Each structure stands twice: as C-alpha cells, then as structure tokens.
Amino acid sequence: LTDTFVDGFWYLDALGAHAAVGVKVFLRQALSGSRYPLIDDKMQPLPDYWTAQIHKRLAGRTVLRASSSTGYLRTYAHCLAGGGGRGVVVLFVNVASRPIT
C-alpha cells in the first residue's frame, strides 16, 4: 500500500496522531525490502517517502491543540519547523467515505 498516493493520508494521520499524544519519534518498519518500504527495490522513493519528507520539513516539534466538530475530519497543528515561532502548519485528513464541507 505504501506505493500508492492514497496511503500518504494514512501516514500523515498516523504522524499527526502520534505527535498529538507526545510521541517524539515515529519509525517505519523498514527503509526497503519489506511490506511497507519507503523506497522500492530500484532505490526509487515511494509516495510515503515524500510524505515523510514534507512532514519533516514543515511540521516543527511543537504540537498545538487542534480539533474538528466531526470525528471524520482529523485535525493536527504544529509550529512551523525552523519558523522561530512564526508560522503554523495545519493538517486536515478526511477519513469519511464522502466529502466533508
């Protein structure tokens, strides 16, 4: 599943949920050669690799409290990485089977 675009939303949800409860480090099972790799056998990055890169570059270590009025819209917020307190990264993940407005 890690070689699909849609898996990136699961991965972002997991990164956000773990950070929200104080988990400081999130490790994947393996870099390559497993069922959930970040790179393929030809050393080409899979979508989850890019998801991890974007999250690492944007989301800082300070996690902010964020919520939604529905349980189907997961909401996460971090101070911007390297932003010196100037900037917030907000992530919304719709886990419903339909659009949420």
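Which residue in strand 2 is the bridge partner of Ala 59? I looked it up, keeping in mind that this is a predicted model, and found Leu 80.

**Entry: strand pairs.** I then checked how the strands run beside each other. Strand 1 and strand 2 are antiparallel, with three bridges between them. Strand 2, residues 73-80, is also antiparallel to strand 3, and I noted seven bridges for that pair. One position I clicked on was Thr 75, which has Phe 92 of strand 3 opposite.

Entry: Put together, the three strands make an open sheet in the order 1-2-3, with antiparallel pairing. Strand 1 (59-64) and strand 3 are the edges: each has a single partner strand, so one side of each has no neighbour in the sheet.

Entry: Next I followed the side chains along residues 88-94. On the covered face I found Val 89, Leu 91 and Val 93. The uncovered face has Val 88, Val 90, Phe 92 and Asn 94.

**Entry: the helices.** Last, I turned to what lies on the sheet. Helix 1, residues 7-20, lies across strand 1, strand 2 and strand 3, and runs at about 65° to strand 2. Helix 2, residues 47-58, packs on the sheet too and touches strand 1, strand 2 and strand 3. Its direction makes about 70° with that of strand 1.

How values were computed. Residues numbered from 1 in each chain as written. Predicted model: local features only at pLDDT ≥ 70, side-chain atom pairs only at ≥ 80, totals over all residues. Heavy atoms only, no water. Buried < 20%, exposed > 50% of the residue type's maximum accessible area, 1.4 Å probe, protein only. Helix = DSSP H or I, 4+ residues; strand = E, 2+ residues; numbered from the N terminus. Pairing = 2+ DSSP bridges. Contact = heavy atoms within 4.5 Å. Axes fitted to C-alpha atoms, helices over the stretch in contact; angles between N-to-C directions.
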